[in-house]
Amino acid sequence: MAIWFKEITLEDINRFGKNTMSEFLDIQFIEIGDDFLKATMPVNERTRQPIGILHGGANVALSETVASTAANSVIDMNQFFCVGLEINANHIRSVKEGIVTAIASPLHLGRSTQVWQVKIFNEEEKLTCISRMTASVINRPKE
């Protein structure tokens, strides 16, 4: 059974990131599962640190982008929205080039908070980073 509030498409969620850090880092959503969301990010001049490996902050930006998008996709955005409350990341393996893939899945979907786990893999499908983001579910202000 799918966890999403309403039907979402890759086109919709990729369009949602236009003119944001997501677009600058070339984060692309590539798969919507029943209980996960998957996106990719290139390892290039925008995402590397000076010594030539993927920047830890880029891992965190990818993790928060995927987890936040997923968090907002399981709620009624006419009434609520989700924002990151806390995020952590363990950088397990360095990446010098190619594409990394992030998979976000929920650990907790509550009324006021959500907790999402994000695993990032290299092109050889080896785990390179694991992250956890807590989102706060906020009432949308009445207009």
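Residues are numbered from 1 along each chain as its sequence is written, and side-chain values use heavy atoms, with hydrogens and water left out. Because the model is predicted, local features need pLDDT of at least 70 and side-chain atom pairs count only at pLDDT 80 or more, whereas totals for chains, interfaces and linings use all residues.

Secondary structure elements are DSSP runs numbered from the N terminus, with helices (H or I) of at least four residues and strands (E) of at least two. An open sheet is formed by 6 strands in the order β1-β2-β4-β5-β6-β3, with antiparallel pairing; two strands are taken as paired if DSSP finds at least two bridges between them. The edges are β1 (28-32) and β3 (80-91), each of which pairs on one side only. From one strand to the next, the twist averages 25 degrees.

Strand β6 (residues 127-139) pairs with β5 (residues 113-121) over 9 bridges in the antiparallel sense, and with β3 over 11 bridges, also antiparallel.

Helix α3 (residues 56-73) lies across β1, β2 (37-43), β3, β4 (98-109), β5 and β6, and runs at about 145 degrees to β3. Axes are lines fitted to C-alpha atoms, for helices over the stretch in contact, and angles between N-to-C directions run from 0 to 180 degrees.

Ala89 belongs to strand β3. Ala89 is partly exposed because its relative accessibility is 23%, where buried means under 20% relative accessible area, exposed over 50% and partly exposed in between (1.4 Å probe, protein chains only). Beyond its neighbours within four places in sequence, Ala89 contacts Val60, Cys129, Ile130 and Ser131, contact being defined as heavy atoms within 4.5 Å. The C-alpha atoms of Ala89 and Val118 are 8.9 Å apart, with a separation of 29 residues in sequence.

Lys38 lies in strand β2 and is buried, at 19% relative accessible area. Not counting residues up to four places away in sequence, Lys38 touches Gln28, Phe29, Ile30, Glu31, Thr101, Ala102 and Ile103.

Most residues other than glycine have a negative phi. Asn19, in the loop between α1 (10-16) and α2 (21-24), has a positive phi near 60 degrees and is exposed, with a relative accessible area of 74%. Asp26 is located in the loop between α2 and β1; its phi is positive, at about 60 degrees, and the residue is partly exposed at 36%.

The charged end of Arg46 sits over the ring of Phe24, 4.6 Å from the ring centre; the criterion is NZ of Lys or CZ of Arg within 6 Å of the ring centre and within 35 degrees of the ring normal.

UniProt, in an unreviewed entry, assigns the feature "domain: Thioesterase" to residues 52-129; such annotations may be inferred rather than shown by experiment. Over residues 52-129, the chain is 23% helix and 46% strand, and the end C-alpha atoms are 17 Å apart.
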